[in-house]
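Please look over the structure below with its aromatic rings and its strands in mind. This report takes up these two topics in turn.

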Amino acid sequence: MKRPFVTALAALALASACAYKPVLVIRDREAAAKVKTVAIMPFFDAQTQSAFDPLYTGFGNSFIPAIMFDEKARSVLGRRYTLIGQDKSLEALKTAGTVYKHVESAWSAVKDPDAVRWGYTVPQAVQAGKTLGADAVLMCAQGQYVEGQKPMQVLALRLVDVSTGKVLLGLNASGQPGLFSKGVVVNQLLSRIVKEAP
């Protein structure tokens, strides 16, 4: 099985994680300016090498990063792009060969993490985006690392062109867990796309 997209994504994020404020890099200004429709891919965790279940409805579902990311992306980016949510993206990912595993309950994830671990590759995400008629796919991953003796958390967003499979723009942000609210940071990163993307 191919390694999930987050391997490369996390490496890029961690390499630039010395910055505490969000960092935005635009790789292809001309192509990014042509993006009108964006498919939101499921949120990924680098530590567990697994995507979060966007269809989880059990206890604490409002805290699931996949659900939080989908809601915030629709709210913030909806002002700029036509968006395709994670529910439709998930179906397209299955068609592209992703083996999805539904999480029935919070306990099932604790009891047997391997039973609910799943992921997808960048080519699968790109193929899913094409199937959905999107111009680009939006991917988000979180990871953890240690700086000195302090545990740190990093978030990385990538907007990937479905016609070339190349990153159009990327954002990273890092900070200490507890002070680093994923919801707040994701909101900041998405807002920067709206304000600063071509």
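This is a predicted model: local features need pLDDT of at least 70, side-chain atom pairs count only at pLDDT 80 or more; totals for chains, interfaces and linings use all residues.

## Aromatic pairs

A search of the whole structure finds two aromatic pairs. In one of them, the ring centres of Phe 43 and Phe 69 lie 5.9 Å apart and the ring planes meet at 70°, which is over the 60 degrees required, so the pair counts as edge-to-face. Because Phe 43 belongs to the loop between β2 (37-40) and β3 (44-45) whereas Phe 69 belongs to helix α3 (residues 65-77), this pair ties together parts that are 26 residues apart in sequence. Phe 43 and Phe 69 are both buried.

The rings of Phe 44 and Tyr 120 have centres 5.9 Å apart and planes at 80°, and this pair is therefore edge-to-face. Phe 44 sits in strand β3, while Tyr 120 sits in the loop between α5 (106-111) and α6 (122-132), so that the pair links distant parts of the chain, 76 residues apart. Both Phe 44 and Tyr 120 are buried.

Strand β2 runs parallel to strand β5 (residues 82-84), to which three bridges join it, and within β5 the bridge partner of Ala 39 is Ile 84. Strand β2 also pairs in the parallel sense with strand β6 (residues 136-147), again over three bridges, and here Ile 40 has Leu 138 of β6 as its bridge partner.

Methods. Residues are numbered from 1 along each chain as its sequence is written. Side-chain values use heavy atoms; hydrogens and water are left out. Rings of Phe, Tyr and Trp (its six-membered ring) pair if their centres lie within 6.5 Å; planes under 30 degrees apart count as stacked, over 60 as edge-to-face and the rest as tilted. Helices (H or I, at least four residues) and strands (E, at least two) are DSSP runs, numbered from the N terminus. Buried means under 20% relative accessible area, exposed over 50%, partly exposed in between (1.4 Å probe, protein chains only). Two strands pair if DSSP finds at least two bridges between them.
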